[in-house]
Amino acid sequence: MNDQDDIRWQRRALRLAQRALGLCSPNPMVGAVVVRDGEVVGEGYHHQAGCPHAEPLALAQAGELARGATLYVTLEPCSTWGRTPPCTDAIIQAGIKRVVVGCVDQNPKHAGIAVTKLQNAGIEVRCNVLEGPCRRLNEAFFFWVTNQRPFVCLKMAMTLDGRIATADGHSQWISGPAARLAVQKMRRWADAVMAGGDTVRHDDASLQVRMPADWPRQPLRVVWTSAPALPPELKMLHDGGAKPILAKPRSREEWLDFLTALGRHEQRPVTALLLEGGGELAASALRAGIVNKVAFFVAPKILCGRGSRPVVGGDNPLALAEAKELINMRSRSVGDDLLITGYCKDVYRLD
């Protein structure tokens with residue numbers, strides 16, 4: 001097969017993997033496609049933790065047609081026993097002739113082991129086909145598996161002049177319907193969603209996935225507050241979801257302790273944490289250096305007003321040198337709004 005064929009089929013495997021967004025944590029999202037003589041004979045993706053991995057699902061669908069075929073997989077196959085058998089063994093036993101890997105496992109304990117095992121079995125292996133998209137798909141998993149704390153994304157919606165609410169806290173709605181729909185996808189991606197106490201109380205925020213209405217895996221909810229309890233009338237206390245976690249880490253040490261506890265949460269290890277504001281929470285997290293990625297929705301509005309609440313609050317910096325630098329910036333239109341994403345320099349990013 002030529003390069004264009006490899007890219008074509010790997011892109012199909014990537015689309016399959018994306019179907020499991022928010023459903024298979026703390027495992028990575030993985031898609032696999034078996035191709036023989038230019039035709040797909042089997043495909044699959046990892047649906048949720050504890051279920052069969054993408055590769056054996058694709059191989060089972062292919063059956064005997066897998067012998068001599070090429071397997072496209074978005075992530076280096078597992079090579080050790082977990083809750084399921086190692087996928088490398090299934091690949092070898094199926095008689096696959098060639099394996100095309102999207103990206104190598106970022107876990108130092110496993111990185112490259114499956115590639116070597118497959119090559120030793122006489123299977124041709126090509127790595128890093130669509131590496132960038134494959135790594136971005138599982139950036140939270142890769143960070144969590146190597147650091148044992150969640151990847152943190154700070155999501156904010158602001159006006160063009162950097163405001164998130166009026167002086168009295170009114171903020172609904174700054175962003176448009178398309179942006180709010182995109183935020184629902186972010187919540188599906190996250191194992192936990194965190195918002196400031198003022199935001200939760202003022203907006204009576206649920207911090208849950210509302211679209212689709214039957215979403216089966218709601219994120220844990222965290223409220224950044226020092227109060228011992230929330231007002232009893234808030235809907236998040238009566239919607240049948242898990243009781244929200246109340247915490248207010250401030251210093252870097254407190255944040256790291258808190259994130260480590262989330263990463264080891266007994267109910268659900270948190271690999272991805274979405275911060276949804278407000279401005280004081282954003283400032284605390286940025287100042288502590290625990291934000292990996294930012295996603296700012298910029299609405300085509302200018303609010304004005306010295307008292308209008310800024311997208312990031314906190315103490316006043318003394319010099320521009322204190323500014324948080326972002327790299328690997330991207331922007332795209334989401335309805336009438338502009339979504340700007342980037343990685344905080346010196347925290348974690350995809351090179």
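Two strands count as paired here if DSSP finds at least two bridges between them. Strands themselves are DSSP runs of E with at least two residues, helices are runs of H or I with at least four, and both are numbered from the N terminus. The structure before you is a predicted model, in which local features need pLDDT of at least 70 and side-chain atom pairs count only at pLDDT 80 or more, while totals for chains, interfaces and linings use all residues. Residues are numbered from 1 along each chain as its sequence is written, and side-chain values use heavy atoms, with hydrogens and water left out.

Five strands form an open sheet in the order 2-1-3-4-5, and the pairing is mixed. Strand 2 (39-45) and strand 5 (124-126) are its edges, each pairing on one side only. On average, neighbouring strands are turned by 15° against each other, direction ignored; the axes are lines fitted to C-alpha atoms, and angles between N-to-C directions run from 0 to 180 degrees.

Within this sheet, strand 1 (residues 31-36) pairs with strand 2 in the antiparallel sense, over six bridges. Gly31 has Tyr45 of strand 2 as its bridge partner, and Arg36 is bridged to Glu39. Two residues lie between the strands of this hairpin, where Asp37 takes a positive phi near 55°.

I turn now to the annotation. Under "binding site", an unreviewed UniProt entry lists several residues, among them Ala157, Trp173, Ser226 and Ser284. The listed positions span 128 residues in sequence and their farthest two C-alpha atoms are 26.8 Å apart, so they do not all gather at one spot. UniProt positions follow the numbering used here, feature names are shortened, and annotations may be inferred rather than shown by experiment.

Where do two of these residues sit? Trp173 is in the loop between strand 7 (163-165) and helix 7 (177-189), whereas Ser226 is in the loop between strand 9 (220-224) and strand 10 (245-247).

For accessibility, buried means under 20% relative accessible area, exposed over 50%, and partly exposed in between, with a 1.4 Å probe and protein chains only. Trp173, at 48%, is partly exposed; Ser226, at 55%, is exposed.

Contact means heavy atoms within 4.5 Å. Not counting residues up to four places away in sequence, Trp173 touches Arg180 and Lys301. With its neighbours within four places likewise left aside, Ser226 is in contact with Lys248 and Arg250.
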